[in-house]
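Hi,

Here is the structure I promised to pass on. Have a look at it first, and then read on for what turned up.

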Amino acid sequence: MKTNSTNSTKVLYFTLTAYFDTGLFKYLYFIIALSLYAFIVGSNVLLIVVICVNRSLHEPMYMFLCSLFVNELYGSTGLFPFLLLQILSDVHTVSAPLCFLQVFCVFTYAGVGLLNLAVMSYDRYLAICYPLQYRTLMTMWKVAFLIAVTWLPRFLVVVIITSLSASLQLCGNIINKVYCDNQSIVKLACSDTTVTNISGVIVSALTIFVPLTLIFFTYVRILKVCFSGSKQTRQKAVSTCTPHLVSLLNFSFGSFLEVLQSRFNNNNVPNMLKIFLSLYFLACQPLFNPVLYGLKMSSIRKSLRNTQCISQRLLQLLWKF
């Protein structure tokens, strides 16, 4: 719906056209989506609690992991409650303020996720290449600073980008996706988008290339140390870097799919494939990371078992009372 005046076009809501009528199957899709969201929340919260309550895990690597899990909760919460409502709804519209709020969540989630992975690679670089100096190089104050740098600047930048998009005059309200994203809204503009486009390109370039450059540099140095070091050094590098690399590859693949959808016309793509591509970026990483780190890292597995044993003992004591 639009209200027109002489100088502006005010969009009150957006219509999401990637949804289609599934009949009674919508209840099945709702249960599947709800189950996925419950698993994401449960697994990420569990690992955050395990890291926070176990003093043995109060190390830089696990603090960065905790930040990563918080971001997965943040990104998935920006999608799933909205998605669950849309699945049950017969009219797939979203108010403009809620749409821009989702744009803000998606934009910040993407940037924070990649920066967090870059900081984790820097931490592994110091641990493997400078093991004797690691404690002095990576203090808890430095950890807090790096986590703050990962989150705060991204929020400020996205506030500016989202404000620029919200100020545009729009000539339509059709978004060909299952959720709102910035590029889809900019495509609807009938006013000059030069400032918005240039700002978006600069922010995207900095968001992608700066973290990737840091990751590339750190892993070149790590590989150099591994090839020239002992077998024990190689084993340590493999055990700590493998989950990070797999997570990075999965995140990069999801980001690539998101960029393809945002920048190119996907009207000829089948609906089910379009929905899968839209959801992969915001759903698979939050599902993937807790399983990856929870299963792969022995210290987290051990802490999970200890936590389970303590919980069982508490339940037994409560049962006796």
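Which residues lie nearest the centre of the second largest pocket? Before the reply, one caveat: this is a predicted model, and everything below should be read with that in mind.

On to the pocket. Tyr29, Leu83, Ile87, Ile275 and Leu279 are the ones nearest its centre, out of a lining of 25 residues. The space inside the second largest pocket comes to about 620 Å³. Three helices put at least two residues each into that lining: helix 1 (25-53), helix 3 (80-88) and helix 10 (271-296). Helix 10 gives the largest share, with eight residues. By residue type, the lining of the second largest pocket splits into 17 nonpolar, five polar and three charged.

Now the largest pocket, which holds about 780 Å³ of space. Its lining runs to 30 residues, and nearest the centre you will find Phe107, Ser204, Ile208, Glu258 and Val259. Here the helices supplying at least two residues each are helix 4 (96-129), helix 7 (182-186), helix 8 (194-228) and helix 9 (231-263). Helix 8 contributes ten residues, the largest share of the lining. The breakdown for the largest pocket is 15 nonpolar, eleven polar and four charged residues.

Next, the surface. There is a nonpolar patch made of Phe20, Phe25, Leu28, Tyr29, Ile32, Leu36 and Met272, and together these residues have about 630 Å² of accessible area. Helix 1 supplies five residues of the patch, the largest share. Tyr29 is worth a click, as this patch member is also one of the residues nearest the centre of the second largest pocket. Phe20 sits in the loop between strand 3 (13-16) and helix 1. Phe20 counts as partly exposed because its relative accessibility is 31%.

Then the charged pairs. Side chains of opposite charge can pair when their charged atoms come close. How many salt bridges does the structure hold? There are four, and I will go through some of them here.

- Glu59 and Arg135 meet through their side chains in a salt bridge, at 2.6 Å from N to O. This pair links distant parts of the chain, 76 residues apart: Glu59 is in the loop between helix 1 and helix 2 (60-77), and Arg135 is in helix 5 (residues 134-137). Glu59 has 24% relative accessibility, so it counts as partly exposed. Arg135, at 57%, counts as exposed.
- Asp123 and Arg124 form another salt bridge, with 2.8 Å between the closest N and O atoms. Are these two buried or exposed? Both Asp123 and Arg124 are buried.
- Lys177 pairs with Asp181, and in this salt bridge the closest N and O atoms are 3.8 Å apart. Lys177 and Asp181 are buried as well.

Val49 is in helix 1. Val49 counts as partly exposed because its relative accessibility is 40%.

Met138 belongs to the loop between helix 5 and helix 6 (140-166). Why does Met138 count as buried? Because its relative accessible area is 3%, and buried means under 20%. Met138 and Tyr122 are 16 residues apart along the chain, and their C-alpha atoms are separated by 10.0 Å.

Pro270 is in the loop between helix 9 and helix 10. With 52% relative accessibility, Pro270 counts as exposed. Pro270 and Ala18 are 252 residues apart in sequence, yet in space they are 9.7 Å apart, C-alpha to C-alpha.

That is the lot from my side. Over to you!

Cheers

Notes: Residues numbered from 1 in each chain as written. Predicted model: local features only at pLDDT ≥ 70, side-chain atom pairs only at ≥ 80, totals over all residues. Heavy atoms only, no water. 1 Å grid on protein atoms, 1.4 Å probe; cavity = no way out; pocket = protein on both sides within 12 Å on 5 of 7 lines; lining within 4 Å. Points joined across faces, edges and corners; volume = space filled by probe spheres on them. Helix = DSSP H or I, 4+ residues; strand = E, 2+ residues; numbered from the N terminus. Nonpolar A, V, L, I, M, F, W, Y, C, P; charged D, E, K, R; others polar. Patch = residues over 30% accessible without salt bridge, like charges linked within 9 Å, V, L, I, M, F, W, Y side chains within 5 Å. Areas by Shrake-Rupley, 256 points an atom, 1.4 Å probe, with all protein chains shown as cover. Buried < 20%, exposed > 50% of the residue type's maximum accessible area, 1.4 Å probe, protein only.
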